[in-house]
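The sequence and the structure come first.

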Amino acid sequence: MPTYTFRLNGRAVSVDAWDPDQPLLYALRGPLGIHGPKLGCGLGQCGACAVLVDNKATPSCLMPVRSAAGRNITTLEGLGTPEKPDPVQAAFIAEQAAQCGYCTNGMIIAAKALLERTPRPTEDQAKQALAGHLCRCGAHTRILRAVMRAAGAR
Ligand code: FES
Ligand code: FES
């Protein structure tokens, strides 16, 4: 069975997969025990499964595990801890920017990628960065507030 090696949240990991086209999401949530990224649509349309691939927000449901080989993958778990959350995570907590929380992983990953490339985004830029991330609970206003808080705009 082929083995794929990559960096996951700062450490080298290897995963075996019979099917090289198996979504990275399945490897993360299965053998690698990472549960931040969620399975929503499985079609690249909701953003719940997003991870950072070399700092770019990427839907892990569409990324074949073979494409992860040699890359740096960061998940929600790699950003911070409950004791020491990442500033984006802290802003989401401060703004209570979740209802059911299913979309939260993708929202935080998208915000993190945005702030890496644009540390002081406008609200329009933040909206654009979150555009591919659906929230069925309608928590968008609080989510946007959290992103702007993390950017130091609030
Ligand atoms: S589950 Fe990947 S984008 Fe919806
Ligand atoms: S908080 Fe429920 S989907 Fe966004």
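**Overall fold**

Among contacts in the protein chain between residues at least 6 apart in sequence, 57% join residues at least 24 apart. The model is a predicted one. Its protein chain holds 6 helices and 5 strands, which follow one another along the sequence as β-β-α-β-β-α-β-α-α-α-α.

- The radius of gyration of the protein chain is 15 Å, close to the 15 Å that the globule rule gives for 154 residues, so the chain is as compact as a globular protein of that length.
- Taken along the principal axes, the box filled by the C-alpha atoms of the protein chain is roughly 50 × 30 × 25 Å.
- Of the 154 residues in the protein chain, 45% count as buried.

**The sheet**

- The 5 strands of an open sheet lie in the order E2-E1-E5-E3-E4, and their pairing is mixed.
- Strand E2 (11-16) and strand E4 (56-59) are the edge strands, each pairing on one side only.
- On average, neighbouring strands of this sheet are turned by 40 degrees against each other, direction ignored.
- Strands of a sheet pair through backbone hydrogen bonds, in either a parallel or an antiparallel sense.

**Strand pairs**

- E1 and E2 are antiparallel and share 6 bridges; in this pair, Tyr4 stands opposite Val15 of E2.
- The hairpin of E1 and E2 has 2 residues between the strands, and Asn9 takes a positive phi near 50 degrees there.
- E1 runs parallel to E5, with 2 bridges joining them; the bridge partner of Arg7 in E5 is Asn72.
- Strand E3 (residues 50-53) is joined to E4 by 4 bridges, and the two run antiparallel. Val51 stands opposite Thr58 in E4.

**The two faces of E1**

- Side chains alternate along strand E1 (residues 3-8).
- Tyr4, Phe6 and Leu8 point to one face and are buried.

**Helix H4**

- Helix H4 (residues 104-117) lies across E3, E4 and strand E5 (72-74), and runs at about 30 degrees to E3.
- From its first C-alpha to its last, H4 reaches 20 Å with 14 residues, close to the 20 Å expected at 1.5 Å a residue.
- H4 is mostly covered, with 12 of its 14 residues buried.
- The buried residues of H4 are Thr104, Asn105, Gly106, Met107, Ile108, Ile109, Ala110, Ala111, Lys112, Ala113, Leu114 and Leu115.
- On the strand side, the cover of these buried residues includes E3, E4 and E5; among the helices that cover them are helix H3 (87-94), helix H5 (123-129) and helix H6 (140-150).

**His133**

- His133 is in the loop between H5 and H6.
- The relative accessible area of His133 is 11%, so His133 counts as buried, the cut-off being under 20%.
- Leaving out residues up to four places away in sequence, His133 touches Cys46, Gly47, Ala50, Gly106, Met107 and Ala110.
- Of these contacts, Gly106, Met107 and Ala110 are among the buried residues of H4.

**Lys38**

- Lys38 is in the loop between helix H1 (24-29) and E3.
- Lys38 counts as partly exposed because its relative accessibility is 21%, and the partly exposed class lies between the buried limit of 20% and the exposed limit of 50%.
- Residues touched by Lys38, not counting those up to four places away in sequence, are Leu25, Arg29, Ala48, Cys49, Tyr102 and Asn105. One of them, Asn105, is a buried residue of H4.
- Lys38 and Glu123 are 85 residues apart in sequence, and their C-alpha atoms are 26 Å apart in space.

**Cysteines**

- The structure holds 0 disulfides. A disulfide is a covalent bond between the sulfur atoms of two cysteines.
- Cys49 has a relative accessibility of 3% and therefore counts as buried. Cys49 is also one of the residues touched by Lys38.
- Cys61 is buried too, because its relative accessible area is 9%, which is under 20%.

Conventions. Residues are numbered from 1 along each chain as its sequence is written. Chains are lettered from A and ligands numbered from 1 in the order in which they are written. This is a predicted model: local features need pLDDT of at least 70, side-chain atom pairs count only at pLDDT 80 or more; totals for chains, interfaces and linings use all residues. Side-chain values use heavy atoms; hydrogens and water are left out. Two strands pair if DSSP finds at least two bridges between them. Axes are lines fitted to C-alpha atoms, for helices over the stretch in contact, and angles run from 0 to 180 degrees between N-to-C directions. Contact means heavy atoms within 4.5 Å. A disulfide is a pair of cysteine sulfur atoms within 2.5 Å. Buried means under 20% relative accessible area, exposed over 50%, partly exposed in between (1.4 Å probe, protein chains only). The expected span of a helix is 1.5 Å times one less than its number of residues. The radius of gyration is taken over C-alpha atoms; the globule rule is 2.2 Å times the number of residues to the power 0.38.
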